[in-house]
Structure formats: structure tokens, C-alpha cells
Amino acid sequence: MKKIPEGSFATISSFGWMLAAHRNARKGKRYRGDVLRFSAELEKNLLALQEELRSGTYKTGEYRRIWVSVPKRRLVMALPYRDRIVQWCIYLLLNPYFDKRFIEDSYACRVGKGSHKAVERLQYWLRQINRRPETGWYYLKLDISKYFYRIDHKVLLEILQRHIEDRQLMELLRGIICNPKEPFGLPAGKKPDEVKKDEWLYDVGIPIGNLSSQLCANIVLNELDQYAKHKMHIHYYIRYMDDVLVLGPDKSTLKRWKAEIETFLHDRLKLELNRKTTIRPISMGMEFVGYRVWATHIEMRKSTTRRIKRGVRAISRKTANGEMGREDFARRKASIEGLLKHANTASLRWRLNEIYTREMAKTKEKHDVESDDHW
């Protein structure tokens with residue numbers, strides 16, 4: 001199989017390639033301060049960055065740590081803009097190469113895929129199973145413990161080395177993955193907010209928020225995908241990043257598959273399953289990427305429903321108070337509608353309209369507010 005050849009580093013550090021990376025990195029962010037400052041002297045800044053890369057003196061800048069609580073509490077690491085350009089330089093080369101090697105039913109961070117396509121595929125399988133004469137099918141939901149925080153650097157670099165012949169490119173990737181100034185890993189069994197700064201690990205973990213991290217996370221678990229599909233010959237296997245679902249004809253088959261997958265994860269990828277890993281009948285419906293899926297219908301997860309209600313209440317209040325413009329409201333509304341249209345949400349839409357109307361009514365006398373938006 002053809003590998004990424006020598007000379008690839010020269011390609012990604014060429015001025016034209018870096019300019020294309022800059023254009024991708026600034027999408028949706030061109031009016032932010034750091035982007036404006038870099039763009040004000042674009043040629044000068046790109047040439048300086050190119051010189052650092054080609055001389056081997058480039059070092060990743062200081063990460064900014066941001067705690068987010070949606071959908072669960074996570075630590076997101078944000079890079080300076082010049083480093084995001086480097087991330088795009090790498091991504092534009094590696095992503096097309098690896099994407100062709102991923103299985104069809106891997107759906108995260110891929111063009112033409114996504115969570116909605118994953119749900120559609122899962123429901124298609126459930127409808128196939130419903131038409132079969134045998135009954136009693138089960139599903140295995142695999143939950144990998146603190147996946148991004150526990151990816152082993154040695155394992156990741158060995159996988160990359162199998163595909164990349166260019167030594168300079170590998171050195172660049174090694175410097176980004178094994179950052180000597182910034183630990184990304186958690187001790188086993190620990191949550192990010194349970195660990196002191198000096199307890200973070202340097203030999204495991206990749207930063208949530210990096211463009212390259214999304215790709216590397218897919219590359220590592222593609223090893224499991226290939227093993228499950230081509231060694232274990234599992235037909236109904238689907239993955240969205242570290243969320244994996246397997247459908248099987250009975251509980252004993254899934255228990256056997258679970259044990260084999262667990263051994264592979266531990267021995268080959270140095271990863272562990274957590275206690276959320278379950279085997280249940282498909283008749284109960286299965287939670288996957290924010291939805292609960294049956295052969296006959298799809299519902300929103302309760303946690304997703306609560307989050308949407310909170311979001312609608314917040315943007316309705318801000319709009320009514322004049323803190324959010326109509327265009328921003330329309331964009332947020334469109335994003336929410338994108339989630340709603342893929343499930344049975346008639347009652348939820350009614351509730352969202354009720355929330356919107358109530359929030360608007362609170363300030364009706366204070367502001368001239370339009371109230372014709374409906375979900």
C-alpha cells in the first residue's frame with residue numbers, strides 16, 4: 001500500500017500550501033483579534049512561520065485552557081492562530097490519505113458523514129433485523145475510558161510511522177503530540193477536574209480542540225475498526241469517534257465479542273473500557289450520538305432535550321433584552337432545528353415555542369420585539 005512519501009514535509013511547508021491552510025484556519029473567525037493581527041502582515045508572518053518549520057526550530061505555542069460543560073465537563077485546549085495554520089497544513093495532507101483507509105461506518109469528523117448519517121445507518125440496520133425471522137437481538141455499546149486523555153503517544157506514533165516515510169514530517173508530528181511543556185494525559189480512572197496540574201501525564205493524551213487531535217483519534221481507533229470488521233467479521237459495527245455500537249443475534253455472542261475487543265484495546269492500543277459499556281436488547285432502543293434509536297422511530301435523549309430547552313430559553317431571553325440580534329438568533333435557531341428534524345420532536349417543538357413566547361412576553365412592554373419565530 002502506498003505511503004506518504006519523502007518530500008511531503010517540503011510540500012506542506014511551501015508558501016502556497018500554507019496560504020491555503022491560513023484560508024481554512026480563518027473560516028468563521030476572520031474578524032477575531034489574533035486572526036486580524038496575523039492577516040495584517042500575512043506574507044511576512046507566513047514566511048517567518050515557514051522558516052521556523054524548515055529550519056526545525058518550530059515549537060507549538062502556549063495552549064489556552066478552556067473548561068466547557070456541554071455535553072459533559074471537558075478541558076478544551078486552544079492554540080494561537082499561527083499554530084492553527086500549522087495544524088491545517090498537516091491536516092490537508094493527512095486527512096485525504098487516511099480517510100480513504102477508514103471503514104465505511106466510521107462517521108466522526110469526515111466529509112459526508114456526521115452524527116445524523118450515523119443514526120440513519122443504525123436505524124437502517126435495525127429495520128433489516130426487524131424483517132428477519134429470528135428474534136432476541138442485542139446491542140453492545142462500547143465506552144472507552146477517557147479516550148482523548150488516554151491515547152498512548154507511543155502507539156499513535158507507531159501507527160503514523162507505518163504510513164509516513166517523510167522523516168521531517170514525523171518529527172513535526174512527534175513535537176506536537178509529545179509536547180514537553182504541556183501534558184495532555186490523565187491518570188487511569190481520573191476526571192480532568194479531579195487532577196492537579198502537576199499530576200497530568202506527558203506520555204498519554206492528545207488535546208481536545210486541536211484539528212490534528214480529531215484526525216489522530218480516528219486513526220488510532222481505525223485499528224479497532226479494521227480488526228472488528230476484517231478479523232472478527234462483525235457486520236453490524238458502527239463508530240462515531242469513541243462511541244461504538246455492535247449489534248448481535250444473542251447476548252452470548254456479544255459477550256464473546258466484548259471480551260475479544262477488550263483484549264485488543266488493552267494489548268494493542270493501551271486503552272480500557274469503562275463501566276458504561278453495556279449489553280442490552282435492541283427492543284429497549286439504544287442511545288447513540290444524542291439520540292435514542294428504534295427501528296420504528298427516533299427520539300432525542302433526555303439530556304439532549306434538557307440542553308436544547310436551556311439553550312432556547314437563553315437565546316430567547318437575550319433576544320428579548322436586545323443582547324442578541326435577529327441574525328444571531330436565526331443562526332442559533334437553525335442549528336437547533338438541525339437537531340430536531342432528525343427525530344420525533346412534535347411535543348418538544350411545542351414546548352420550545354412555549355418557552356420562546358413566555359420569554360418574549362416578559363419584555364414585551366420594554367422592547368419592540370418580533371414574536372413570530374417558531375420551532
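**View 1. The open sheet has four strands in the order E4-E5-E3-E6, with antiparallel pairing.** Strands are DSSP runs of E with at least two residues, and helices are runs of H or I with at least four, both numbered from the N terminus. Two strands pair if DSSP finds at least two bridges between them. Strand E4 (237-240) and E6 stand at the edges. Each has a single partner strand, so one side of each has no neighbour in the sheet. On average, neighbouring strands of this sheet are turned by 20° against each other, direction ignored. The model is predicted: local features need pLDDT of at least 70, side-chain atom pairs count only at pLDDT 80 or more, and totals for chains, interfaces and linings use all residues. Residues are numbered from 1 along each chain as its sequence is written, and side-chain values use heavy atoms, without hydrogens and water.

**View 2. E4 and strand E5 (residues 243-248) run antiparallel, joined by four bridges.** Tyr237 stands opposite Val246 in E5. Helix H6 (residues 115-130) lies across E4 and E5. H6 runs at about 165° to E4. Such angles run from 0 to 180 degrees between N-to-C directions, with axes fitted to C-alpha atoms, for helices over the stretch in contact (heavy atoms within 4.5 Å).

**View 3. Thr277 lies in the loop between helix H11 (251-269) and strand E6 (278-281).** Thr277 counts as buried because its relative accessibility is 12%; buried means under 20% relative accessible area (1.4 Å probe, protein chains only). A polar atom of the Thr277 side chain lies 3.1 Å from the backbone nitrogen of Asp143. Leaving aside neighbours within four places in sequence, Thr277 is in contact with Leu140, Lys141, Leu142, Asp143 and Lys258.

Technical notes. Buried means under 20% relative accessible area, exposed over 50%, partly exposed in between (1.4 Å probe, protein chains only). A polar contact is a pair of N or O atoms within 3.5 Å; within protein, one must be able to donate a hydrogen and the other to accept it, and residues adjacent in sequence count only if both atoms are side-chain atoms.
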